[in-house]
Amino acid sequence: MTNRSTIVAAARRLAPLAGLAAALLPGLALAAAPNDASGTWLTEDGRARIRTEKCGPQNTNLCGYVVWLKVPLNDKGQPRVDFKNPDPKKQARPSLGLQLIMGLKPQPDGHYGGKIYNADEGKFYDVTMWSDQPSELSVRGCLLGFLCGSQTWNRVSDVVPGQLTGPTNGPGGPRADAEWAPAPKAPAAGAAATGGTKPAPKPAAKPGAAPAAPVEE
């Protein structure tokens, strides 16, 4: 058999395999594409619902807030507060509405990475989040870079009693930390030069009235 015949025969044998690979590639690419990580999620232990949404100056980071607690009151029947926070100024803030996902940055693989706050301990941990399935959010957190664990949060679309549904920093919504709160609008250029206020207009001269004489210093 000549070299040409050998090549032709090999091509014929490989053609079905090439067609199968071409048919599978779009499906593989679709499966690998991450889903939108924004939404409302029930934590794996069922203790809280966390709302995640885009945030940051370019709206590319991912922030998350506690919008529902299974047990919203403490042993004294009072709303739970962030009493273990290392910042004394934050220890009296309510746990409901608390921001715990701190502007995770998008990664090349479609995941988000950054810091998550654990109110049970008053500590921050490194965390990675991504969504391979529209109904699930994968959460992988690490302490000291090697003590790691993973959870799966499930997407929820209903609203239960006690759940915050308002916009972030708005009525009936969660609260963003100062770092991730929407920036106030900058004053206009003319207003900035005068301390944010415009000079009062001078009253018009009455008809026939002589101009005021200059005051000598």
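These legends describe close-up views of one predicted model. Local features need pLDDT of at least 70 and side-chain atom pairs count only at pLDDT 80 or more, while totals for chains, interfaces and linings use all residues. Residues are numbered from 1 along each chain as its sequence is written, and side-chain values use heavy atoms, leaving out hydrogens and water.

**View 1. The largest nonpolar core.** This core holds 26 residues. A nonpolar core is a set of buried Ala, Val, Leu, Ile, Met, Phe, Trp, Tyr and Cys residues joined through side-chain atoms within 4.5 Å. Buried means under 20% relative accessible area, exposed means over 50%, and partly exposed lies in between (1.4 Å probe, protein chains only). Ile101, Ile116, Met129 and Trp153 have the most contacts inside the core. At least two core residues come from each of β2 (48–55), β3 (61–69), β4 (99–106), β5 (112–118), β6 (123–130) and β7 (136–143). Strand β3 gives the largest share, five residues. Strands (E, at least two residues) and helices (H or I, at least four) are DSSP runs, numbered from the N terminus. In soluble globular proteins, nonpolar side chains tend to be buried together.

**View 2. The surroundings of Met129.** Which residues is Met129 in contact with, leaving aside its neighbours within four places in sequence? They are Ile101, Leu104, His111, Tyr112, Ile116, Leu137, Ser138, Val139 and Trp153. Contact means heavy atoms within 4.5 Å.

View 3. Lys115 pairs with Asp126, and their closest N and O atoms are 2.6 Å apart. Lys115 lies in strand β5 and Asp126 in strand β6, so this pair ties together parts that are 11 residues apart in sequence. Lys115 is partly exposed, at 40% relative accessibility. Asp126 is partly exposed too, at 36%. A salt bridge is a side-chain nitrogen of Lys or Arg within 4 Å of a carboxyl oxygen of Asp or Glu. By this rule the count is eight.

**View 4. Two further salt bridges.** Arg51 meets Glu53 at 3.4 Å, N to O. Is Arg51 buried or exposed? Arg51 counts as buried, because its relative accessibility is 13%. Glu53, at 22%, counts as partly exposed. Asp45 bridges to Arg47, with the closest N and O atoms 3.8 Å apart. Asp45 is partly exposed at 47%. Arg47 is partly exposed at 44%.

**View 5. A salt-bridge network.** Asp82, Lys90, Arg93 and Asp177 belong to one network. Salt bridges that share partners join these residues.
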